[in-house]
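Subject: Structure for your review

Dear colleague,

Please find the structure below, together with its sequence.

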Amino acid sequence: MSAEPEVFEMGIGNDYGSLLVWELSGTFYWYVSCCWQTDYETDGEEISEALYRQLVLQHYKEVTENV
């Protein structure tokens, strides 16, 4: 993979990892991270674009509320 996708780390998780969402080549994914590095090409479960967009919107809402 030439460049890593923009990955959004959601505000939900625990000491072991958190929910990540990203888009790669027009496909949308989510994944609960863990203590090792995430491979964005092979890890993750495909989700709908609508769910991805809603999660990213929520991410930006939480970030701007905490500023």
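I begin with Ser 25, which counts as exposed because its relative accessibility is 75%, above the cut-off of 50%. Please bear in mind throughout that this is a predicted model. Ser 25 lies in the loop between β2 and β3. These two strands form a hairpin with two residues between them, and Ser 25, in the turn, has a positive phi of about 55°. The C-alpha atom of Ser 25 is separated by 9.9 Å from that of Glu 41, a residue 16 positions away along the chain.

Confidence

The average pLDDT of the protein is 86, and 94% of the residues score at least 70. Among the elements, the highest mean pLDDT belongs to β4, at 96, and the lowest to β1, at 82.

The pairing around β3 can be described residue by residue. Strands β2 and β3 run antiparallel and are joined by six bridges; in this pairing, Glu 23 stands opposite Phe 28 in β3. Strand β3 (residues 27–32) is also joined to β4, again antiparallel, by three bridges. Here Phe 28 has Ile 47 as its bridge partner in β4, while Tyr 29 stands opposite Glu 46 in β4.

Is Ser 18 buried or exposed? This residue, found in strand β2, counts as buried because its relative accessibility is 7%, which is under the limit of 20%. The side chain of Ser 18 makes a polar contact with the side chain of Glu 9, at 2.7 Å. Leaving aside neighbours within four places in sequence, Ser 18 is in contact with Glu 9, Met 10, Ile 12 and Gly 13, and also with Tyr 31, Val 32 and Ser 33.

The salt bridge

How many salt bridges does a search of the whole structure find? The search finds one, and it is formed by Arg 53 and Glu 49, whose closest N and O atoms are 2.7 Å apart. Both residues lie in helix α1, where they are four residues apart, or about one turn of the helix. Glu 49 is classed as partly exposed because its relative accessible area is 38%, a value between the limits of 20% and 50%.

Conventions. Residues numbered from 1 in each chain as written. Predicted model: local features only at pLDDT ≥ 70, side-chain atom pairs only at ≥ 80, totals over all residues. Heavy atoms only, no water. Pairing = 2+ DSSP bridges. Buried < 20%, exposed > 50% of the residue type's maximum accessible area, 1.4 Å probe, protein only. Polar contact = N/O pair within 3.5 Å; in protein donor to acceptor, adjacent residues only side chain to side chain. Contact = heavy atoms within 4.5 Å. Salt bridge = Lys/Arg side-chain N within 4 Å of Asp/Glu carboxyl O. pLDDT = per-residue confidence, 0-100.
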